[in-house]
Amino acid sequence: MNLRSDPMFVEQFKTLSSRFEYRIDALQCKVIAVTSAIAGEGKTVTAMNLATDLASSGRKKVLLVDVDLRKCDLAKGLGVPPVPGLSEYLAGSISLKEILQKSPVKGLVVIPGGMRIAVPWDLLSGERFRTFHTAVREHFDIVLLDTPPVIPVSDTHALRDLVDGFVLVYRLGHTPHTLFKQAMDDIGEKKLIGVVLNGTERQSERYYQRYYGKYYTEKTDGETVEERRTS
């Protein structure tokens with residue numbers, strides 16, 4: 001299913017992006033890590049859609065980076081070549097310019113993960129990543145890092161002192177609260193920009209129309225269109 005074809009999904013993410021942009025502007029944050037406590041909470045989908053909506057507004061130049069080097073799933077989701085990417089740059093075999101890729105979204109530049117790395121701690125904690133961090137901070141208005149989950153691996157901890165803040169994705173009904181609390185403690189209150197609650201149960205169509213009006217309707221061919229509220 002293409003979630004971007006779901007009007008409820010699109011509107012929720014636009015609201016999230018607007019609040020996110022307001023908050024990072026107020027806090028003067030530029031480099032933000034999107035993470036989760038454990039795998040499967042939706043951090044990559046969240047990072048991709050935040051980056052897409054922020055870039056689409058035309059107000060900021062946005063860079064989205066796949067830092068989850070054990071999986072490197074970001075390229076597939078955005079339809080860009082997976083290599084070369086961040087792992088090749090950090091290994092010293094390629095320049096930063098060569099891994100910057102244009103995305104299908106105007107104003108959004110992507111750096112894929114590249115070849116998967118079994119243990120990327122040394123690369124992410126090394127001097128070359130610090131050089132990378134300084135360079136992208138200077139050339140982009142917002143840098144979103146799709147990072148590994150906090151608890152299973154130590155990779156994200158290597159970035160803690162470099163990024164301006166974290167967005168923590170929490171999937172309701174999937175992640176034990178104790179692990180969510182542990183992830184928050186690991187990130188630290190001062191670094192936590194906000195929490196994205198994922199996996200909430202969608203209300204019935206009747207409930208939605210009752211409180212929000214008939215803004216959306218479905219064509220017979222399945223294409224979703226916006227219509228003027230009649231109630």
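Which exposed residues does the face of α7 turned away from its buried side carry? In this predicted model, that face carries E127 and E138.

**Overall picture**

The protein contains nine helices and nine strands. Of its 231 residues, 46% count as buried. Among the contacts with a separation of 6 or more, 75% are accounted for by residues 24 or more positions apart. The average pLDDT is 86, and 84% of the residues score at least 70. Over residues 215-231, however, pLDDT stays under 50, and the model has 27 contacts beyond four places in sequence for this stretch. Where pLDDT is low, the predicted coordinates should not be read in detail.

**Helix α7**

Helix α7 covers residues 127-139, which gives 13 residues. From its first C-alpha to its last it reaches 19 Å, close to the 18 Å expected at 1.5 Å a residue. Its buried residues are F129, F132, H133 and V136. Seen down the axis of α7, these buried residues fall within an arc of 100°, so they line one face of the helix. The exposed residues E127 and E138 are on the face of α7 turned away from the buried side.

**Salt bridges**

The structure holds 12 salt bridges.

| Salt bridge | N to O distance |
|---|---|
| K14 and D53 | 3.9 Å |
| D68 and K43 | 3.2 Å |
| R70 and D155 | 2.7 Å |

Consider the salt bridge between K14 and D53. K14 lies in helix α1 (residues 7-27) and D53 in helix α2, so the pair ties together parts that are 39 residues apart in sequence. K14 counts as partly exposed, because its relative accessibility is 40%. D53, with a relative accessible area of 9%, is buried.

A second salt bridge joins D68 to K43. D68 is placed in the loop between β2 (62-66) and α3 (74-78), whereas K43 belongs to helix α2, and the two are 25 residues apart. Both partners are buried: D68 has a relative accessibility of 6%, and K43 has one of 7%.

R70 is partly exposed at a relative accessible area of 29%, while D155 counts as buried at 0% relative accessibility. Elsewhere, salt bridges that share partners join E21, D25, R59 and K60 into one network.

**N49 in helix α2**

Helix α2 spans residues 43-56 and includes N49. Is N49 buried or exposed? Its relative accessibility is 7%, and therefore N49 counts as buried. The side chain of N49 reaches the backbone oxygen of V45 at 2.8 Å.

Note on methods
Residues are numbered from 1 along each chain as its sequence is written. This is a predicted model: local features need pLDDT of at least 70, side-chain atom pairs count only at pLDDT 80 or more; totals for chains, interfaces and linings use all residues. Side-chain values use heavy atoms; hydrogens and water are left out. Helices (H or I, at least four residues) and strands (E, at least two) are DSSP runs, numbered from the N terminus. Buried means under 20% relative accessible area, exposed over 50%, partly exposed in between (1.4 Å probe, protein chains only). A polar contact is a pair of N or O atoms within 3.5 Å; within protein, one must be able to donate a hydrogen and the other to accept it, and residues adjacent in sequence count only if both atoms are side-chain atoms. A salt bridge is a side-chain nitrogen of Lys or Arg within 4 Å of a carboxyl oxygen of Asp or Glu. The expected span of a helix is 1.5 Å times one less than its number of residues. The arc is that of the directions from the helix axis to the C-beta atoms. pLDDT is the predictor's confidence in each residue, from 0 to 100. Contact means heavy atoms within 4.5 Å.
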